[in-house]
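Subject: Structure handover

Hello,

Here is the structure I promised to pass on. Please open it first, then read my notes below.

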Amino acid sequence: MAEKTITTDTYKLFPSPRNRHREIFEHEVFVPHPYALIDLPSFHLQGKYSLFAACRLADMKMGQLVTFELAADEAKFKARFVPD
C-alpha cells in the first residue's frame, strides 16, 4: 500500500518506500532534480536520514528532499552529491 503524502509549510512530500526512517529530520536539502538517483547508503552517513519526492510549494518546483538527523551528514551530502 502506498504511503500518504505529507504536507508541510514548505513542501508536499511523497515518502520513498525504501526509507528506513519514516520521518522528516531537522536538516534538509532540496535537490531540484526529480529523476536523479540518490543512493543514500553509499554516503556512509552517521545518523538517520530519509528521502522524499517533493514539490516545493513556493514555486511548485518538483525535486527530491533529503532530510538528515545530523548537520554533519547534511554537509557531507552537499559536498559529495553530484546529480547524474
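There are 4 aromatic pairs in this predicted model. In one of them, the ring centres of Tyr 11 and Phe 30 are 5.7 Å apart. Their planes meet at 20°, under the 30 degrees cut-off, so this pair is stacked. Tyr 11 belongs to strand S2 and Phe 30 to strand S3, so the pair ties together parts that are 19 residues apart in sequence. Tyr 11 is buried at 9% relative accessibility. Phe 30 is buried too, at 15%.

Another pair is Phe 68 with Phe 77. Their ring centres are 5.5 Å apart and their planes stand at 45°, so the pair is tilted. Phe 68 is buried, with a relative accessible area of 0%. For Phe 77, also buried, the value is 1%. Phe 68 and Phe 77 form one aromatic cluster together with Phe 43 and Phe 81.

Now for two loop residues.

Asn 19 sits in the loop between strand S2 (11-15) and strand S3 (27-31). Asn 19 is buried, with a relative accessible area of 8%. Its side chain reaches the backbone oxygen of Leu 51 at 2.9 Å. Leaving out residues up to four places away in sequence, Asn 19 touches Ser 50, Leu 51 and Phe 52.

Asp 59 is in the loop between strand S4 (49-56) and strand S5 (61-68). Asp 59 is partly exposed, at 44% relative accessibility. A polar atom of its side chain lies 3.1 Å from the backbone nitrogen of Lys 61.

Best wishes

Conventions
Residues numbered from 1 in each chain as written. Predicted model: local features only at pLDDT ≥ 70, side-chain atom pairs only at ≥ 80, totals over all residues. Heavy atoms only, no water. Helix = DSSP H or I, 4+ residues; strand = E, 2+ residues; numbered from the N terminus. Buried < 20%, exposed > 50% of the residue type's maximum accessible area, 1.4 Å probe, protein only. Polar contact = N/O pair within 3.5 Å; in protein donor to acceptor, adjacent residues only side chain to side chain. Contact = heavy atoms within 4.5 Å. Phe/Tyr/Trp six-rings, centres within 6.5 Å; stacked < 30°, edge-to-face > 60°.
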